[in-house]
Every structure is written in C-alpha cells, then in structure tokens.
Amino acid sequence: MKDKTVIITGCTSGLGKETTIHLAKKGAKVIMACRNIDVANTIKEKIIKETGNSNIIIRKLDLTSLQSIRNFAELINKEVSRLDVLIHNAALAHLKNKISEDGLEVTMATNHYGPFLLTHLLIDLLKKSKPSRIVIVSSVIYKLGSLNLNNPNQIDSYIPCKYYFNSKYANLLFTLELARRLEGTGVIANCLHPGVTDTGIWKRIPCFLYWICKVLIIIPVGISTQEGVQRIMYLVESEEINGLSGQYFIKYFNHLTKSSLTNMIGNPALPKKFWEISEELVKLQPTDPKI
C-alpha cells in the first residue's frame, strides 16, 4: 500500500481502528475520518509509534450531518491529489429513535445516507486515481432488513435494531447500483460481511442484551478482530479482484467467497429506485459530481 492514499470512516474503535493500523503498517497514507478528534489524535500517536508511519491524517467527519460531509469532502478535494481506496466502515445501531439535524433517522444516516453523499462528493478524485476501490462494510444481518420505498425515512415508527438491519440491506443496494454506474471508469465497488467480532458496536446495547448476544452469537461464531481486518484488507488490496465490482464477500468454511449482488437482490429496479430516493434525501445538488 506504499504511495497509496486511503480514507477510512469509523476508525477510532473496533475493526476500523485495527484496519487503520494495518494500513499504516503497509505504508499507506491514511486519512482518518472521524467525529471525535481528541480520541483520534490519541490513536494516531499510538499508530505512529507502533508502525513508524507518520503519514496519518485526521479530518473531522460526522456522517449524520450533510454539512459536515460537504465540509470534509471540500477539504479532501483541496488537500489530496489522489484517492486510491475509500472504506465505508463506520456503523451505528441506535436503540432509541434519534433524528439528525437534516431530519434523517440517525442509524440510516450514518450507515447509508452519509456514505452515499460522501461517495458522490469524492467520486471525481477516485476516478482520477484509477484503478481505485470503494469498500463497503456491510453485514450478514442484512437478511433481516427491508426497505419501504414509500417511506424510506421512517422516523415515526421506531423499532429497536430494525434500522440497523435495514441499513445493512441498503449497503447491498448501494453497492450494486454504484458498481453499475461506475462500470468502465476504473473504480470498483464491493461490499463484505467481515465476520462477527466483539467490537464496540455490541457494547452500545443494554448490558443484559450484550451478554445474551455474546453467549448465543459472539462466542459460537465470532472471529478475532485481526481476522475481520484481513477480510477488509482483501477487498482493499488483493489483485485477485482487479476489475471485479458489484460483489458481496463472506467467508464460508474458511474460504472467502463472493456472490453477485445482482443475483442476491433479484429485482433490478430496486437499487436504481432506492438510489434516486437517496439522492433526494441527501439533497444532492445539480452542481455536485455525478456518478
């Protein structure tokens, strides 16, 4: 990854933090996109000390705020001459109904709408840096998700965890339509289930529920954080997937396998329709870069 520039969101804990360390060890220029600058600075110093790579940059990004995303992208487009990999890793799972300053449900804003807008605003830089990659960290939990296209921003009927499931399903639709639109540009987009790891997202749920999940899910099928990082890094750097786009990766029986999102989604009209809805909800402007 030497001489490569990578942006990663959700990089101050869990898989994101460990992936950032791994990228630094491989010599990449890493831009840590995060909300909490103080925490990020502490982690940055540790990474530099551990890896010897001082080319670690911190930039503020709040994926629940459309203005914060625009500010971040404007700064990156001014400061950075190339972008080889964009890793959408940040994820949130709110147990209570919370609405962003832009009127979006916060879990969906963080896990889908924010990354959707950010990708648009950085797409010209990615195209200029081809061959480049977009990696979207989803989850096998997408199987419990669904989307009501007549009411995609359901802020009036909140069911705990449901929006997280829906957001992971949205990741698949986004990846598929993104890959279709980027065909022939030299930019590929793929998503993955990194595996069940005992990261911070589990700790945000009530203690009794966490221990139930730990006994029933994390211990039986969980993997180490480092193994999860290796799965992300495969999509970041493996030459085996050069030119391969619109795929979903998951590990079965110790083999990382890919599945066509086209076959998984089934309905070819669904990703396009959801894309158009997402454009409206993030208030995409005529002057914004087009994908």
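These legends accompany several close-up views of a predicted model. Because the model is predicted, local features need pLDDT of at least 70 and side-chain atom pairs count only at pLDDT 80 or more, while totals for chains, interfaces and linings use all residues. Residues are numbered from 1 along each chain as its sequence is written, and side-chain values use heavy atoms, with hydrogens and water left out.

**View 1. Helices α1 and α8 pack against each other.** Helix α1 spans residues 14–25 and helix α8 residues 225–237; helices (H or I, at least four residues) and strands (E, at least two) are DSSP runs, numbered from the N terminus. Their axes lie 9 Å apart at an angle of about 60 degrees. Here axes are lines fitted to C-alpha atoms, for helices over the stretch in contact, and angles run from 0 to 180 degrees between N-to-C directions. That makes α1 oblique to α8 (under 35 degrees is roughly parallel, over 145 roughly antiparallel, 65 to 115 roughly perpendicular, and the rest oblique). The crossing of α1 and α8 is right-handed, meaning that the near helix is turned clockwise from the far one by less than a right angle. On the α1 side, look for G14, L15, E18, T19, H22 and L23; α8 brings T225, Q226, G228, V229, Q230, I232, M233 and V236. Contact means heavy atoms within 4.5 Å. Sorted by class, this contact of α1 with α8 holds six nonpolar, seven polar and one charged residues (Ala, Val, Leu, Ile, Met, Phe, Trp, Tyr, Cys and Pro are nonpolar, Asp, Glu, Lys and Arg charged, and the others, Gly among them, polar).

**View 2. Helix α5 meets helix α10.** Helix α5 (residues 162–181) packs with α10 at an angle of about 95 degrees, and their axes are 9 Å apart. That makes α5 roughly perpendicular to α10. From α5 come Y169, A170, L173, F174, L176, E177, L178 and R181, and from α10 L270, P271, K272, F274 and W275. The residues in this contact of α5 with α10 divide into ten nonpolar, no polar and three charged.

**View 3. Y113 and F274 form an aromatic pair.** A search of the whole structure finds six aromatic pairs. The ring centres of Y113 and F274 are 6.4 Å apart and their planes stand at 50 degrees, so the pair is tilted (rings of Phe, Tyr and Trp, its six-membered ring, pair if their centres lie within 6.5 Å; planes under 30 degrees apart are stacked, over 60 edge-to-face and the rest tilted). The pair links distant parts of the chain, with Y113 in helix α4 (residues 106–128) and F274 in helix α10 (residues 269–281), 161 residues apart. Both Y113 and F274 are buried (under 20% relative accessible area, with exposed over 50% and partly exposed in between; 1.4 Å probe, protein chains only). F116, F174 and W275 form one aromatic cluster.

**View 4. T175 sits in helix α5.** At 0% relative accessibility, T175 counts as buried. Leaving aside neighbours within four places in sequence, T175 is in contact with I136, A189, N190, C191 and L261.

**View 5. Backbone details at P131, D3 and K283.** A cis peptide bond joins K130 and P131, with omega about 0 degrees; P131 is in the loop between α4 and β5 (132–137). D3, in the segment before β1 (5–9), has phi near 70 degrees, a positive value in a residue other than glycine. D3 is exposed, at 65% relative accessibility. K283 lies in the segment after α10 and has a positive phi near 60 degrees. K283 is partly exposed, at 44% relative accessible area.
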